Amino acid sequence: GQDKNLDYGPLRTAVKKYKPALVVLMGENKRKVLRAIKNSGIRTKTARNLKEAVDTAYKYAKSYILNSKFSIVFSPGAASFDMFENYADRGKQFKKLVRKLKTR
């Protein structure tokens with residue numbers, strides 16, 4: 001998303017505590033967030049757009065978890081007017097991409 005001069009220190013604390021297998025970052029602000037969490041020990045990937053982010057998370061989760069169930073959490077950390085009309089559009093596009101995963 002777009003930078004609104006937020007402090008991402010709390011995000012670093014959260015990823016250290018909850019230890020997600022992977023964090024996929026996208027949008028204008030991805031480098032700032034990456035700097036905030038880079039020493040957390042959590043694996044990160046960057047994506048150019050939402051489709052690439054969903055595909056990356058899905059492929060990683062599928063290979064990491066193997067045949068078990070897994071969750072992919074979509075958690076926007078900043079405004080994303082650079083990529084979507086508004087939060088509702090962002091959510092609709094995410095749901096559309098996830099529904100397509102079910103057909104693979």
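Buried residues are those under 20% relative accessible area, exposed ones lie over 50%, and partly exposed ones fall in between (1.4 Å probe, protein chains only). The structure is a predicted model, in which local features need pLDDT of at least 70, side-chain atom pairs count only at pLDDT 80 or more, and totals for chains, interfaces and linings use all residues. Residues are numbered from 1 along each chain as its sequence is written, and side-chain values use heavy atoms, with hydrogens and water left out.

Helix α2 is considered first. Helices (H or I, at least four residues) and strands (E, at least two) are DSSP runs, numbered from the N terminus. In α2, the buried residues are K30, V33, A36 and I37. These residues lie on the same side of α2, because they cover an arc of only 125 degrees around the axis. The arc is that of the directions from the helix axis to the C-beta atoms. An α-helix has 3.6 residues a turn, so residues three or four places apart point the same way. The cover over the buried residues of α2 includes α1, β1 and β2 (44-46). Contact here means heavy atoms within 4.5 Å.

The loop between β1 and α2 holds N29. N29 is buried, at a relative accessible area of 4%. Its C-alpha atom is separated by 12 Å from that of N49, 20 residues apart along the chain.

Nonpolar cores were also identified. A nonpolar core is a set of buried Ala, Val, Leu, Ile, Met, Phe, Trp, Tyr and Cys residues joined through side-chain atoms within 4.5 Å. The largest has 10 residues: M26, A47, L50, A53, V54, Y58, F84, F94, L97 and L101. Helices α3 (50-65) and α4 (87-101) each supply at least two residues of this core. The largest share, 4 residues, comes from α3. Another core lies apart from this one; it has 9 residues, among them Y8, V15, L25 and I42. In soluble globular proteins, nonpolar side chains tend to be buried together.

F84 belongs to the largest core. Neighbours within four places in sequence aside, F84 is in contact with M26, L50, D89, R90 and Q93. Helix α4 also holds A88. A88 is partly exposed, with a relative accessible area of 34%. The C-alpha atoms of A88 and K38 are separated by 30 Å, the two residues being 50 apart along the chain.

The largest pocket holds about 1000 Å³ of space. On a 1 Å grid over the protein atoms alone, a pocket is an open set of points where a 1.4 Å probe fits, with protein on both sides within 12 Å along at least five of seven lines; lining residues have an atom within 4 Å of a point. Grid points are joined across faces, edges and corners, and the volume is the space filled by probe spheres set on the points. The lining has 37 residues, of which V23, V24, V73, F74 and S75 lie nearest the pocket centre. Two or more lining residues come from each of α1 (9-18), β1 (23-25), α2 (30-37), α3 and α4. Helix α3 gives the most, with 8 residues. By class, the lining has 29 nonpolar, 6 polar and 2 charged residues. Ala, Val, Leu, Ile, Met, Phe, Trp, Tyr, Cys and Pro count as nonpolar, Asp, Glu, Lys and Arg as charged, and the others, Gly among them, as polar.

V24 sits in strand β1. V24 counts as partly exposed, at 24% relative accessibility. Beyond neighbours within four places in sequence, V24 is in contact with K45, A47, A53, T56 and A57.
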